[in-house]
Amino acid sequence: MKQKTLFAGAAVALLLAFAAAAWFYKQQQVEAARQTAQAQQALLIRSHSPSLGPAQAPVVIVEFLDPACETCAAFYPRVKQLMAAEPGKIRLVLRYAPFHPGSDKVVAILEAARRQGKFWPALEALLAHQNDWVVMHKAQADRAWKHLD
């Protein structure tokens, strides 16, 4: 009887030790992941990048945007839907990636709108009418102006 009690006690002690070690390991992994995410975020987000949503949001989407890119124009409304579905939990940060010819001029237009406090309406207007001012994958900045208020 004493041997069974000793065996049961040792088994319980081993299980508790295993559970404590697993919990400790998990906490270390979570902390390592948090530190890695913080370091990566610092590489992706620039203080001058246009952003929408709370700075302390638990989810940050960094979108590399070419205003003349058809895929970027299709992706942007999906991100806005996500943000609307989870208010206050998502932050969108835009980084320019003007790969199409002429996109750099449209980025300059967006930055001018930004200085006037009209960045987001200008971006949405340009993306909504992209098929008018992008011809054969080339941005025509002179045609983009008419879509801005």
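**Briefing: a sheet and its helices**

Of the 10 residues of helix H4, 7 are buried, so H4 is largely enclosed by the rest of the structure. Buried means under 20% relative accessible area, with exposed over 50% and partly exposed in between (1.4 Å probe, protein chains only). This is a predicted model, in which local features need pLDDT of at least 70 and side-chain atom pairs count only at pLDDT 80 or more, while totals for chains, interfaces and linings use all residues. Residues are numbered from 1 along each chain as its sequence is written, and side-chain values use heavy atoms, leaving out hydrogens and water.

**The sheet**
- Helices (H or I, at least four residues) and strands (E, at least two) are DSSP runs, numbered from the N terminus.
- Three strands form an open sheet in the order E1-E3-E2, with mixed pairing; two strands pair if DSSP finds at least two bridges between them.
- Strand E1 (51–52) and strand E2 (59–65) are the edge strands, each pairing on one side only.
- E1 and strand E3 (residues 90–96) run antiparallel and are joined by 2 bridges.
- Ser 51 has Val 93 in E3 as its bridge partner.

**Helix H4**
- Helix H4 (residues 119–128) lies across E1, E2 and E3, at about 70 degrees to E3.
- Angles run from 0 to 180 degrees between N-to-C directions, and axes are lines fitted to C-alpha atoms, for helices over the stretch in contact.
- Among the buried residues of H4 are Phe 119, Trp 120 and Leu 123.

**Ser 103**
- Ser 103 lies in helix H3 (residues 103–115) and counts as buried, at 0% relative accessibility.
- Not counting residues up to four places away in sequence, Ser 103 touches Asp 66, Pro 67, Ala 68, Pro 98 and Ala 139, where contact means heavy atoms within 4.5 Å.
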